[in-house]
Amino acid sequence: SIISALTRVSNKKDPESVRLLDDMMSMVRNEVHESNVDSGVYNALIHAQVHSGDIGAAEKAERLLLSMLTSNDSLAVRPNTITFNTVIDAWSKSNEPKGAARAEKLLKTMQKLHEEGYPDVRPDTYSFASVLNAYANSNNPKSARKAEDILKHMQTLYEEGNDNVKPNTICFSTVIKAYSRHQTKDAGERGEDILKLMFEVYSKGNSDAKPNTIAFTSVCNAWSKSGERQAIKKIEDLMKWMTQLS
């Protein structure tokens, strides 16, 4: 079957396998209106493309996703949350300069489709976490603030009753990590604010957002890179706070 073939190809990362994968992509596009091509085949192809090791894999995977969206006359090939999450994750790990922005754009597309009543597409915690990770790994100095804005939007949606986007420890720690990567004067302060928000959310009943050692050490790292006079004192206070909690 096509899915079995894709599984075999995705486990190889040589040029011949990449060429074969491109051929399969063309074949699936040509058979999009045939009964043997459904969302399962597309999802398998996207998964194989993402794990192929091919340069531009995220771009190719997104093109497949977009072709599913434009196949309005074929309900069988409609994308779902898994489809979007796979491509978002691909952009998150692509190391492309605009990878984070592309990942966020797909997240917004998911939200828009869900609001319009599109079946089987709904952002979840993993969707947001992947976008946060993309910004955390970005070299853009504004990426940390962008990640913070997305996290707070996520928290707002959760407080409004959307349990599908419940922020967890990874989400908060990822934003703190984003601040710790950049040597900006407010990095320590903003990272510590996220840690305090994490405690606040956890104390209000979100057990998935329990602060951990990684969060504390990332804030300490952010302070150490800030160049602020109070950095040493702040790090000492954080270490005492962490010790008291252990």
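**Group meeting talk: a predicted all-helix protein**

Hi everyone. Among contacts in this protein between residues at least 6 apart in sequence, 65% join residues at least 24 apart, where contact means heavy atoms within 4.5 Å. Before going on, two notes on how to read what I say. This is a predicted model, so to speak of local features we need pLDDT of at least 70, and side-chain atom pairs count only at pLDDT 80 or more, while totals for chains, interfaces and linings use all residues. Residues are numbered from 1 along each chain as its sequence is written, and side-chain values use heavy atoms, with hydrogens and water left out.

What is the protein built from? It has 12 helices and 0 strands. Helices here are DSSP runs of H or I with at least four residues, strands are runs of E with at least two, and both are numbered from the N terminus. Buried residues make up 49% of the 246 residues. Buried means under 20% relative accessible area, exposed means over 50%, and partly exposed lies in between, using a 1.4 Å probe and protein chains only.

Let's look at two helix pairs. Helix 8 (residues 143-159) and helix 10 (residues 187-203) have axes that come within 12 Å and cross at roughly 15°. That makes helix 8 roughly parallel to helix 10. Axes are lines fitted to C-alpha atoms, for helices over the stretch in contact, and angles run from 0 to 180 degrees between N-to-C directions. Under 35 degrees counts as roughly parallel, over 145 as roughly antiparallel, 65 to 115 as roughly perpendicular, and the rest as oblique. Arg145, Glu148, Leu151 and Gln155 of helix 8 meet Arg190, Ile194 and Val201 of helix 10. By class, the residues of this contact are 3 nonpolar, 1 polar and 3 charged. For those classes, Ala, Val, Leu, Ile, Met, Phe, Trp, Tyr, Cys and Pro are nonpolar, Asp, Glu, Lys and Arg are charged, and the others, Gly among them, are polar.

Now the second pair. How do helix 10 and helix 11 pack? Their angle is about 160°, with the axes 7 Å apart, and helix 11 covers residues 213-226. The two are therefore roughly antiparallel to each other. Among the residues in the contact are Leu195, Met198 and Phe199 of helix 10, and Phe216, Val219 and Trp223 of helix 11. This contact has 9 nonpolar, 3 polar and 2 charged residues.

Next, some single residues. Where does proline 79 sit? Its place is in the loop between helix 4 (57-69) and helix 5 (81-92). At 1% relative accessibility, proline 79 counts as buried. Leaving aside residues up to four places away in sequence, proline 79 touches several partners, including Leu65, Phe84, Tyr118 and Val121. Proline 79 and tyrosine 42 are 37 residues apart in sequence, yet 8.3 Å apart in space, C-alpha to C-alpha.

Glutamate 104 lies in helix 6 (residues 99-115). Is glutamate 104 buried or exposed? At 10% relative accessibility, glutamate 104 counts as buried. Again not counting residues up to four places away in sequence, glutamate 104 touches Val131, Tyr135, Lys146 and Ile150.

Last, the cysteines. Cysteine 171 is buried at 0% relative accessibility, and cysteine 220 is buried too, with a relative accessible area of 9%. How many disulfides are there? A search of the whole structure finds 0, a disulfide being a pair of cysteine sulfur atoms within 2.5 Å.
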